[in-house]
Amino acid sequence: MCVGLSAKVVSLKDGMAIVDASGAKRSVSAQLLSDLNPGDYVMVHAGTAIAKITDNDTDETDNLLEEL
Amino acid sequence: MTDVVTLAHGAGGKQTSELIEKVFKKHFQNDFFTADDASVLPRPAGKIAMTTDGFIVSPQFFPGGNIGKLSICGTVNDLSCMGAKPLYMTCAFQIEEGFPIDQLEEIVSSMEKTAAEVGVKLVAGDTKVAGRGQVDHIFITTTGVGEILEGVDTSGAYARPGDAIIVTGDVGRHGATILLSRDEYGIEADVTTDCAPLWNPVEAVLRAVPEVHVIRDATRGGVGTVLYEIAHESNVGIQLNSEDIPVDPGVRGVCGMLGLEPLYLACEGRLVMFVPEEKADQVIEILKGQKYTEGAAIIGHVTEDMAGHVVMTTEIGAQTLLPEPGNELLPRIC
Amino acid sequence: MADTVTKEDTLAKARRILKDYDGPKVRIMEVCGTHTHEIFRQGVRRILSPKIEMISGPGCPVCVTDVTFIDEAISLALDHGCTITTFGDLVRVPGTKKSLQIARGEGAKVKVVYTPLDAVEYAKEHSEEQVVFLAVGFETTTPSECLAVENAIKDGLINLSLLTANKTMPAAYEAMKDATDLYLYPGHVHAITGNKICEDLLAEGVSGVVGGFTGKEILTALAVGVTEFQKGKPFFKNCYPRVVTGEGSPQAMALVNKMMEPCDQIWRGIGLLKNSGMKLREEYGAYDARRKFDLSGIVGKQNPACRCGQVLQGELKPNQCPCFGTACTPEHPVGACMVSSEGACSAWYLYGDLATKPLEDK
């Protein structure tokens, strides 16, 4: 139940954010996240930005495996 | 003339003649276009190929094309897949009353332009007008006849182990374009249809490499469906490499949002070719030099084992089956 | 270029760990349908050591949606004239007699939307229609559905309601913990809930890793999981910290707790799990389709031949069900596991046993 898509915040207005996922844009709810800014990356699920993304997946997985 | 199509336009009388004169004749002018009951045509020297297709699309106008362009491309591409130079076409229109005449003219005008690109002649037509609600705006059926190039013999049953599999451009753009045009999911992306008449690149390839085994156009069901068709018809396995499949970033984004697979989205200007391995680079080079096929790529090859299946090397380097397409495409959100 | 090199290195290392794993036999359960889907799509099972077994747990909300829920939705559409708005996958789930797709052919108005917020927009534009959104999903999705109600209230809409079947993961984790040695926790659920549940389960001796959803993220989480498992002590590790923080999303949880309260919930194939669901609180009754329309007396009946329940609990492989591939196919599903592309039966049907057989690399 988790089809999520990472997307970049393009603009914000009235609790909604326009997000861009490699060229596909959509308006999604930003009501669950405070202090969002254009340029931030968010995880979008079912039309709502559910989390702010703080790193890219390459660095993250690299670091995790580094420790093994 | 009124500015919408009325039932009178389909009744066969004065208004019908007026519509033919002002809209169809204006755009379908050639020596063979006839006012008689059938057109009389010279017989080509070689074998002929013949095909027919009905076109229903909502909306009728979309970025990069409309139902008229689609109706020519569909039939031209079907003929091209058999190595047949498109010569003559007929078209039948079913129009809902109230359809704006200027839109009809735009549709007919794109048909003229698209047909001219490959030199096919529209030689006969028919118009029927249906009452409101009986037709979704406009339906078009086209039939085409072409002459098969000498020495060319393609079929879905001719794929052989070792063949390289080529797709003539990025996949899934038409399907994504229509999905976005319906505006059901509120997504915007700079995606236009791939709808294009492909005889010219096909001719260029076949003149240089007549031994191409299979050419098929990927329409409904996308490239994935074509690959399964060929795997069954030729009783061979297909090995794909997911990283080699060209996908427009916008299409990828749309698919990501809706949980769809680009390989199953419709194309209207993409062919899948199976060519002997040693000819693959030459074919790619020719395609890259032709309009509409600049983005051609080798996406995989034919194997002897795994007959009837399409196996894909995934991003993580594992081998898995590409699921056989089926069912209505519903966005997978949850 | 440098990027590609690191990517391949990481992937290669994760693959090597998973392929060469020679520790004690380990059963790993993925509890999220999207994990199941990606694991099959990417062919993850095929590159695992024979000592690692993946089990698909009950995390596909479509698959665990009870028959009665579908019957209620159909009744709302056909008997009460409501417009049903829903996520795409629910459309083909069989009820007792039919699916919403079949009901649509009989005149039911069923509209597929991308988000519950679109149902609000639709209700706004069609004030003459009673619009019902089919609220399924776990912690990840429930906040969006609460937002829809909140926005409907803000807009003064009186023609939108939810038919709720929302579920929560902890009950499922509890119920399934004996069937697995190690959970692959769904990152997007924990982006909302945080990791306290995982820490609590760890205290009971249940191990797990939180993972993301790309092929690389899944392999990484699994590689970390089996390496830790080999050490022999229960553990928990968040392998998706770029999205999942320890505390999760307090805003989302506050919103859900304001509007909803726990309730018992029936999971298709598993049965009733105490406090495993969420429903709208009484003060939001005007937005609760069950309070607004009379749906009493609707009790669905599952096709008795269907073994979805045992499949969901990892007791049966999909192809061991008597309906599998004959009476039950993706085109004509009998059980919900065959409907959703996230469902274990559907995945098994589409990818065949090839999905699990190890295969040498080419």
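1. Helix H5 of chain C contributes seven residues to the lining of the second largest pocket, the most of any element. Helices (H or I, at least four residues) and strands (E, at least two) are DSSP runs, numbered from the N terminus. On a 1 Å grid over the protein atoms alone, a pocket is an open set of points with protein on both sides within 12 Å along at least five of seven lines, a cavity is a set of points where a 1.4 Å probe fits but cannot get out, and lining residues have an atom within 4 Å of a point.

2. The model is predicted: local features need pLDDT of at least 70, side-chain atom pairs count only at pLDDT 80 or more, and totals for chains, interfaces and linings use all residues. Residues are numbered from 1 along each chain as its sequence is written, chains are lettered from A and ligands numbered from 1 in the order in which they are written, and side-chain values use heavy atoms, with hydrogens and water left out.

3. The second largest pocket holds about 520 Å³ of space; a volume is the space filled by probe spheres set on the grid points, which are joined across faces, edges and corners. Of its 23 lining residues, Arg26(A), Leu117(C), Asp118(C), Glu121(C) and Tyr122(C) are the closest to the centre. Two or more residues each come from strand E3 (24-29) of chain A and from H5 and H6 of chain C. The lining comprises 11 charged, six polar and six nonpolar residues. Here Ala, Val, Leu, Ile, Met, Phe, Trp, Tyr, Cys and Pro count as nonpolar, Asp, Glu, Lys and Arg as charged, and the others, Gly among them, as polar.

4. Between chain C and chain A, the contact (heavy atoms within 4.5 Å) involves 53 residues of chain C and 33 residues of chain A. These chains bury about 3300 Å² between them, 60% of it on carbon and sulfur atoms. Buried area is the accessible area (1.4 Å probe) that two parts lose on being put together, summed over both. Tyr114(C), Arg242(C) and Gln251(C) account for 21% of the area that chain C buries against chain A, more than any other three residues.

5. Two salt bridges cross the interface of chain C and chain A, each a side-chain nitrogen of Lys or Arg within 4 Å of a carboxyl oxygen of Asp or Glu. Lys237(C) and Glu67(A) form a salt bridge through their side chains, at 3.2 Å from N to O. On the side of chain C that touches chain A, 25 residues are nonpolar, 18 polar and 10 charged.

6. Chain B meets chain A through 16 residues, in contact with 11 residues of chain A. The two bury about 1000 Å² between them, 65% of it on carbon and sulfur atoms. Zero salt bridges are found across this interface. On the side of chain B that touches chain A, strand E8 (187-189) and helix H7 (249-258) each supply at least two residues, and H7(B) gives the largest share, seven residues.

7. Three cavities of 30 Å³ or more are counted. The largest cavity contains about 60 Å³ of space, and its lining consists of Cys306(C), Arg307(C), Cys308(C), Pro318(C), Cys321(C), Phe324(C), Cys328(C), Gly335(C) and Cys345(C). By class, that lining has seven nonpolar residues, one polar and one charged.
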